[in-house]
Amino acid sequence: MNYDNISSNKYSTLISIINNKSDSHFINELDALLLKKRFDNAYELSLTESILHVSSYNLTSKNIKKIINDFFKLSAIANLGDNRNLYELVKLGNLSSDKLERAIDADTHTNLINTLDNVSRETTLISFDFLILRIYDSFMLKSNVFRIKKEYAKAKHRLFKKLLTFNYDNERREKETTFLCWIDRLLYAVMNKEITASDFVLLCKKIFGLITKTIYFYWKVLHSVNYILLQQDFSSNPDMRLFKKEVLNSISNMYNIIDMSLDEVKELMASILAKKTPDKEDFYYLFDSLKITARKNEEYKLFSLKLCKYIINFNHQHNIFCYRFIRKYFIESFFDIINNQISNADIIVEEISALITLFHIDTYFCFNRTDILVNIIKKLKSIDETTTQISHHNFYKFCDSLDYIIYENRDILTPDILKLLKVNSSKQPKLSKCFRLLLCKYS
């Protein structure tokens with residue numbers, strides 16, 4: 001018997017499974033969606049820059065003084081009923097230090113701090129105070145006068161005191177991206193000791209009560225909590241550890257009521273994969289959504305598996321599984337998906353082909369190959385237990401591939417495959433033929 005030829009044929013079968021493009025239309029659709037999301041992100045970034053980075057408008061010192069003086073006049077005669085005037089100051093904060101210093105003297109800085117203090121006393125929305133905080137940050141950074149920097153630092157201290165103690169009205173118009181910026185600013189405040197870890201928890205809980213919360217927002221808060229807990233000064237902070245448990249419980253409770261359509265899941269995946277630098281919590285949210293989707297019915301589970309295979313293919317280009325937490329959460333989520341009770345032959349075929357591909361990703365080969373191999377065998381057994389007619393396409397080609405995998409990885413302890421599969425006697429000869437390399441291994 002020429003085992004080299006047999007091995008070569010089985011290897012070709014294995015490669016055809018890994019490189020299978022039977023869902024090319026679905027893959028092309030997702031590629032197009034991902035590309036669109038990347039362009040959308042670039043457009044939103046350029047739009048934001050055109051709004052905030054006004055240095056390209058070539059403002060003169062006279063223009064800058066007029067914007068600030070108009071703000072002084074308006075704040076003196078009216079309650080600022082919207083944040084457009086504050087945005088004008090935010091835009092000025094993005095000018096270069098030299099340009100601002102030429103236009104604004106120390107007295108103007110002091111007057112601006114006092115005026116913003118007064119405005120903050122009138123505001124009942126936390127979004128206004130976060131805008132004012134942003135203005136303080138920008139102007140403090142651009143000033144070269146130590147006395148002025150100290151005045152801005154004191155103003156920020158007063159503003160944080162209000163953020164912690166004032167009962168704000170609920171937000172109505174702000175977007176989720178704005179809320180995420182607030183959490184980033186609070187994280188920065190903890191790291192720079194502007195507020196304590198306990199203050200961070202209090203402010204996050206206050207924001208929870210003022211906005212329409214989403215699971216994604218909870219995940220982003222959890223990302224900040226995890227980052228804080230990684231710092232030596234906060235690693236054993238009891239308030240942060242308790243808050244982490246509360247956030248995780250909130251995420252779990254929200255998953256119980258989530259009802260995402262297939263298009264929404266697809267949009268979510270494209271949005272996360274299109275990000276330039278997604279956090280690991282972005283992937284946690286995505287993988288959890290895939291798990292919940294797969295539990296609904298056969299159609300949803302098949303769709304979820306196809307998205308999993310797309311993520312696996314995405315890894316070939318972007319190597320996201322090199323990050324331990326992302327790799328570990330994906331394989332745990334994937335095992336959860338394939339081991340739920342919703343199943344048919346088409347689904348099992350998708351599961352096995354994905355498992356075989358995962359086995360040949362270096363990181364999973366190193367850390368999860370035995371678990372993957374056990375699941376491949378278990379899925380092969382479950383195909384034979386369905387009412388579907390067994391064929392080369394849905395069964396025997398996978399047996400050939402499994403035979404090659406075990407033969408080439410002889411250090412892996414494997415069970416008696418033929419006994420474990422327990423196929424009926426009529427299939428035994430053909431099955432034995434599929435495992436000729438394995439039989440040679442033990443002969």
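## Surroundings of His109

Beyond its neighbours within four places in sequence, His109 is in contact with Glu101, Ile104, Phe139, Ser143, Ile148 and Tyr152, where contact means heavy atoms within 4.5 Å. His109 sits in helix 6 (residues 106-122). With a relative accessible area of 4%, His109 is buried; buried means under 20% relative accessible area, exposed over 50%, and partly exposed in between (1.4 Å probe, protein chains only).

## Basis of the model

This is a predicted model, in which local features need pLDDT of at least 70 and side-chain atom pairs count only at pLDDT 80 or more, while totals for chains, interfaces and linings use all residues. Residues are numbered from 1 along each chain as its sequence is written, and side-chain values use heavy atoms, with hydrogens and water left out.

## Overall make-up

The protein has 22 helices and zero strands. Helices (H or I, at least four residues) and strands (E, at least two) are DSSP runs, numbered from the N terminus. Of the 443 residues of the protein, 49% count as buried. Among contacts between residues at least 6 apart in sequence, 76% join residues at least 24 apart.

Asn344 lies in the loop between helix 16 (324-338) and helix 17. Its relative accessibility is 23%, so Asn344 counts as partly exposed.

Not counting residues up to four places away in sequence, Phe334 touches Leu305, Cys308, Glu351, Ala354, Leu355 and Leu358.

Helix 11 is mostly covered, with 13 of its 16 residues buried. At 1.5 Å a residue, the 16 residues of helix 11 (residues 215-230) should span 22 Å, and the end C-alpha atoms are 23 Å apart, which agrees. The expected span is 1.5 Å times one less than the number of residues in the helix.

## Cysteines

A search of the whole structure finds zero disulfides, a disulfide being a pair of cysteine sulfur atoms within 2.5 Å. Cys399 is in no disulfide, and the nearest cysteine sulfur, that of Cys434, is 5.0 Å away. Cys399 is buried, with a relative accessible area of 0%.

## Pocket and cavities

The second largest pocket has a volume of about 450 Å³. It is lined by 24 residues, of which Ile18, Asn20, Lys309, Asn313 and Thr357 lie nearest its centre. Two or more lining residues come from each of helix 1 (3-18), helix 2 (24-52), helix 15 (298-318) and helix 17 (345-359). Helix 15 gives the largest share of this lining, six residues.

On a 1 Å grid over the protein atoms alone, a pocket is an open set of points with protein on both sides within 12 Å along at least five of seven lines, and a cavity is a set where a 1.4 Å probe fits but cannot get out; lining residues have an atom within 4 Å of a point. Grid points are joined across faces, edges and corners, and a volume is the space filled by probe spheres set on the points. The whole structure holds two cavities of 30 Å³ or more. The second largest cavity has a volume of about 40 Å³ and is lined by Ile258, Met260, Ser289, Ile292, Thr293 and Lys296.
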